[in-house]
Each structure stands twice: as C-alpha cells, then as structure tokens.
Amino acid sequence: MEPLYSLTEDGKVHETPEAVHAALRDLGYQSFRAGQEEAIMRILSGLSTLVVLSTGMGKSLCYQLPAYLYAQRSRCISLVISPLISLMDDQLSGLPAKLRAACIHSNMTRKQREAAIEKVKSGQVCFLLVSPEVLVGSAGSGTGCLPSAQELPPVAFACIDEAHCVSEWSHNFRPCYLRLCKVLRERLGVRCFLGLTATATPSTALDIARHLGISDQQGVSALVSLLKGERFGCLDSIIVYCTRREETLRVAALLRTCLQGVLLTGGGPSGQTDPAARRKKELARKKIRKPLKWLAESYHAGMSAAERRRVQNNFMCGELRIVVATVAFGMGLDKSDVRGVVHYNMPKSFESYVQEIGRAGRDGEPAHCHLFLDAEGADLHELRRHIYADTVDYYTIKRLLQKVFPACTCRRLQEHQKGRWKDVEDSDLLEVMEEHDQENQPDRAAPAGPVWRFWSSGAVVEDVDQDLAASGHASFGDGAGGARLTTRERRGGVCPERRACRTHERAIPIQEVVEALDVPEEGVETLLCYLELHPQRWVELLHPTLSVCKVSCYDGPKQLQKVTKICPPVAVALARKRMAGERVERSDRVEFDVVEVADIMGWQLPLVKRGLRQLQWSTDRAGGRSGVLVEFSAASFHFRSYGDLSPEEMDGLCRFLHGRVQEQERTRLRQLTACFQAFRSVAFQSVHLLDGSRSQQLKALLSEYFDRKKERGGAIQQEQLQEPDTNELLGWEEQVRTDIRRFLALRSDEKFSGRAVARILHGIGES
Ligand SMILES: Nc1ncnc2c1ncn2[C@@H]1O[C@H](COP(=O)(O)OP(=O)(O)OP(=O)(O)O)[C@@H](O)[C@H]1O
C-alpha cells in the first residue's frame, strides 16, 4: 500500500504535518514523548522502523497513531503481531475511545474468530492484533485463521511487538517468529514494518533491523546523492548490486521515490571532461528525449521467472534506467552499453568484483563504477556470516554420508553365493554373471517395448516376493554377484579394491535433505562432488531425477494386484512394503522410490520409468486409458554409491569432507578480508570526491592480487584484520556464554555441535 506521506527529494521524512498532531489529540495526548514522533512519521512515510524504548515509555502509540491515520484516509488495516496472547484482550479494552481494533489468537473459539474477521473485512477496525502462530499458520495453532490477502483490506503496515524474538534464536527454533516477516511480505504484501522492543543490545538491534528490512537511511541518501550527482546523474543503464534480496526491494523502492522528477533520459555520458559543458549538453538532450518508462526495479533469484524476465527485458531495451540486484543479475547479460555499476554493498571477493564491474562499458565507451564501503565493517561481517552459514559441520557431514552410503546386503549375499557356487572360480563366476546380466538387461533385449515383457507370468512375480526376503537382488542379477564388475569398473574408473558391493543406484530427495540437514542445495551438491572427485571416486553423480513414483488404480485394490502381475517394479515395491509390515492387500495405490526398485532389480531407470508410464494406457478400454494413474515427484540427487563401507571408511570420509569444507571456508574468508582491506585503503569519506590516483591505486592492488594468486597457484595469503582488543572480547565472551547457557537449557532435549550453536547465535539459517 502507498504510504501516507512521500519523502523529501533527498530521501528524508517531511516535517510533522498538523494532521498528525490532530490525530495525537484525538487519541487523548497533548504532545509526543521522546522517540514517538520520529517513529510515527517514518511509518506514515512508508519507512520500516525499529523502536527500542524502555517499558512504559509509550511504544504502543507508535503503531496506534499511524493505524488510526491510515484507516482514516483509506480503507485499509494495520497488523499488530504480539506473542502475548493472554494480554491481547486487555490490550484492546485499554485502547483510546476513538481507536477500534480486533484480535485473533489461538485461544479463541471459531465463532469469536469469525466475528473478528468480519469486523476487519467490513472496515470497522483500524488494526488487528494477532499472535505470530495465527499469522504463520503453524500446525495445530490456528491454521487458516486469517483470511487470504485478497479477502483482507490492504495492509498499511505491520507492527511486530517484542521484536527481539525475531533475532533471539535461529530460524530453526522459533519458526513462526522467524518466518513472520517472510509471510507478511510474500502473502500479505507488507512493505513497511515497525519493530517494538524494550530489550535490544546494539547487535541484536542490528539483527532485528536486518530482518525487518530497515534501511540504513544514510547509505540510501548517499546512493541517491551519487545517482543525482555529476558522474552518474546523466547515465542510463546502471546496475546497483546489493548483498541481500530484501535490500534490493527496499533500495529500488526508495530510488523510485527519491529520483522521481530528476530523471535524465537517454544516451550515455558525452565523454567530455568539462563538467559545465557536459551538463549543458545533457540538459539539451533531456529536452528532446522521451522519458524512460521505468526508473528503478529490483531483481533477485527469489523472484518469479516471468518477473525476472520482465525486468531484464526492460533493462535490455533501455526502458529501465536502474536495476537494483543481487549477483543473480548479470550472468549471461548481453548488454554492451551498461554505463554504471554501483556496489551498494561490498562484493565477497575481488574475483566477484572484477566480474561485476566488467559488465559496464563493454562497448568501449566510458563507464563508471562506485563502491560503498561500510567503514565499520558491517558488510564484511555480513559476508563473513554468509561464509559460516555455507559451511557444514562434522555431524551434518556424517548424517549426509549415512544417506549417501546406506548399508546394503551385498556382502551377505556374496557369502551366500559363494556357498552355492563354491566350485566356480572367480573368473568363471564373472562370466556367468555377465551372461546373466546381458540376458536380463531390458534395454538390450527389448529396446522398444515394455520393460517387463519377460516378467509377465504370475509365477515369476511370485518369485520376486520370495527373493525379496533376501533383498531382491538375487532374482534380478545386479548387486548379488559379488565379483561382478560394473561398467564403470571395467572402464577402470572406480575403487580399485575388490569390494563386496559394486555400487547401487540411489536417489535422495533434494528438499528433504536440505531441510533435514539445514544445508542449501548447492552445499549438498558440493559435498557429493568432492566424493566423486576423490581418487577413489566414492560416488558417481548422475542426472537429478524424480525419484518417487505413485501408482493409483481407479478400479480399486484388485486392479493394483493385476498391475503387479504385468509390472514387476510394482510387484517389488508392494512386496517390500509387505515385508516392512505394511498392509497392502486392500490398497489401491502404492508410492515407492523408483530408483531403489530399479536398482534392486538391476534394471535401467529410464526404462523402468517408461514402462511405469505405459501402465496408464490400455488397448482394451475406450479412450485408451487404463484407469491407472502414474505420477513421479520429488526432484532428487541421483548417484551410484557403495553400501558396504566399514565404520572406519565412513569416519575417514567424514574427515576428508570436513577437511575440504574447512579449507574452502578459510579460502573464502581470506579472499573476503583481502578485498575489504584493499577497498578500505583507497576509500573516501564522501561520495562526491573523485581522485584518479585512488582509482589507479585500486587497479594496482587488483593486479597485484591476481598476480600473486597466479604465482601461488590460486592460493592467497592470510591477511590479518584488526580484531577488537582483549578487554572488549572478554566482555563479549561473558555475554555469549550466558546466552549459550540459556539457550542450551531451553533446548536440553537436543544435541548441538559448537558450530551449530554459533550459527544459531549468528541468526544464520535461511538459505
Ligand atoms: N505521548 C504520550 N503522552 C502521555 N502519555 C503517554 C504518551 N504515550 C504513551 N503514554 C502513556 O504511557 C503509558 C505506557 O504506554 P505503553 O503501554 O504504550 O508503553 P510501552 O512502552 O508499550 O510499555 P510495555 O513495554 O510495557 O508494553 C500508557 O498509559 C500510555 O497511555
């Protein structure tokens, strides 16, 4: 929703208008207390704000008055989120007479909630007080209490009471508070947040500000000033890079407001060095050029593909002047006349910096770059946190490896086989198994038809059941022959030792593993790559695949039983479920890991999938549909891996991966530090100072960095950053110890590694 008041040209809040003083009197107060006026004016101007005021100092007015004024001016609602459910009713009864409000929380009956919603919908109230659970809709605590955004009046702003809860612990442990801002932004379109708290250390306050998307007004003012100034004021096609997605939204919105009416349009810089002459020429241009359609738009990987395409196209065809983006923008961008690149936040390395500024001036015409450096190191600390967030601890690696190398029965089966064929020499066994393998490879024997035409008799399917008691391998020829070599091994690519297991094809659903381990998808992928690149090639990565197959029979359980007769993979899946104790006789559907089933049977996955899909079609029925529905889901990491790793081998692999992860972390930290130090050594105090010699100095530092890196084969030296002094550290340490003790006491039923605790306290978690 549009704010009530606009900002001044340089991004500041206007003087408090009389209407606001009048509203204050309406609510029964004569004057503002300290902090209230500024906070109220910021909210009325659409600027997210954090108010830290001691108990009883009047924080409530900071949302009451704006909610009252917004509701007076247009049909809208303000949201107040408070965790103190027991106090909500008291809060409402103590309101000034003119201020009407309603509340919804999980202790209310359905009827009470419906009455409150009705009041909101019919515009009878200025604000709605809700508990975080109601808003986020967590299970069992009032899911669906709140109507959809379409049914609600537009939300003017959202106030988060006890805002320190946003920062208190990590995302994993206070899901509703931590998801709050996301839900408000994405589901209800909230752009303006007011955080209220009586307790916040400076670092907590900074963290809350980050969650609420509170802009650093000074930074934005400097950016506005730069974009209006001599160097950038006349440039089209500018990319402004930010580290965080929310920041791109906020900065773009502010630029739209602050640059309105001062837009210079069309063309690039004239290349003239005399500022007066250049200005004159630009002004002349301005008169004859048609205005650009768009001033500033944000771009980040979290936006929909269509929205990203729209922004990119507008920028490409010159209709959009400024893109405020994360690094996601620019990859593959083919625009030669980008005239300016501004780093609103520091890049994570020189490598990234060079790549990003390299997007300007590809047509050989002059282009400008500018980097804003937070001298206090706020960006540096933020980027450091990102690095720590990407690192995976030892226990997480162990849990991943358990998923990658689940134990198989190959060894046991090998021993069993040895018993049966004890007279057969190893080499003979190899031959036997290979022949068996060739005969039973569906792709070779039946390239076009359904995979299981060999298996269409009931008798064979019965065998499947019995053999599954011994894990199913023996019937299908793969995995059971301990001495049989896989194609990869014949190529000589795999573990040279003779193992009982010759690898299995496996899949791990991406979403499931990302959530279970709290590691981003790329993080898991990197670890799997390390395993593949290991000299012993512990895994072989295959194309990601949909690994869950669901077969539903509209004609009921009997039809499913019939399907098992013609389709061995379904028979195998059902048999495994039966063995696991599930009652499948009355079921008309079955869901299974199709990769696992194909592996057990020793059949190729694409053919198994194709055959399953064919179950949907029948020549016997009108319309060609068989009444069987086959669906594939769960995008998964897909690979071949061993199932007979000893505990020592597992430990060794954990150490190997952990070592790689730590090395990666150290390198990234070094790159970041080197980058920060170099920028700091050439930085200016003011945005408008320009000194060619500093630019030359930076270029020299960059060349030196890349030369040194080349000499050391990619490695760079550890640069020391000035750390806080010992007393300061000791003070922090005590505070950190207290926090950790409190946290562990709260979660005494769970186990945390030191690193996990550190990540939690850093508020790291969102990937
Ligand atoms: N501008 C003002 N002039 C006079 N009284 C005020 C003003 N603003 C707030 N008050 C009064 O101060 C008292 C405390 O206000 P309020 O409950 O908003 O404090 P608070 O900071 O939210 O406290 P808590 O942290 O306990 O929630 C209330 O009685 C309120 O009416």
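Here is a short tour of the fold, the cores and the ligand surroundings of this structure. Please keep in mind that the model is predicted. The protein chain has 767 residues, of which 36% count as buried, and its secondary structure comes to 32 helices and 15 strands. Among contacts between residues at least 6 apart in sequence, 78% join residues at least 24 apart.

**The six-stranded sheet**
- Six strands form an open sheet with parallel pairing, in the order S1-S6-S5-S2-S4-S3.
- Strands S1 (49-52) and S3 (101-104) stand at the edges with a single partner strand each, so one side of each has no neighbour in the sheet.
- From one strand to the next, the twist averages 20 degrees.
- Within the sheet, S2 (residues 77-81) pairs with S4 (residues 127-130) in the parallel sense over four bridges; Ile81 has Val130 as its bridge partner in S4.

**Helices against the sheet**
- H3 lies across S1, S2, S4, S5 (155-160) and S6 (193-197), and runs at about 160 degrees to S2.
- H4 (residues 85-93) lies across S3 and S4, at about 170 degrees to S3.

**Nonpolar cores**
- The largest nonpolar core holds 119 residues, and Phe127, Leu128 and Leu255 touch the most other members.
- Helix H3 (residues 61-73) gives this core its largest share, nine residues.
- Beyond its neighbours within four places in sequence, Leu128 is in contact with Ile77, Leu79, Ala101, Ala102, Ile104 and Val120.
- A second, separate core has 51 residues, including Val563, Val572, Ala575 and Phe639.

**Around the ligand**
- The ligand has 13 residues around it, with Tyr29, Thr55, Gly58, Lys59 and Ser60 coming nearest.
- This shell divides into six nonpolar, five polar and two charged residues.

Technical notes. Residues numbered from 1 in each chain as written. Predicted model: local features only at pLDDT ≥ 70, side-chain atom pairs only at ≥ 80, totals over all residues. Near = placed C-beta within 6 Å. Nonpolar A, V, L, I, M, F, W, Y, C, P; charged D, E, K, R; others polar. Helix = DSSP H or I, 4+ residues; strand = E, 2+ residues; numbered from the N terminus. Buried ≥ 20, exposed ≤ 12 C-beta atoms within 10 Å, placed from the backbone. Contact = placed C-beta atoms within 7 Å. Core = buried A, V, L, I, M, F, W, Y, C linked by C-beta atoms within 7 Å. Pairing = 2+ DSSP bridges. Axes fitted to C-alpha atoms, helices over the stretch in contact; angles between N-to-C directions.
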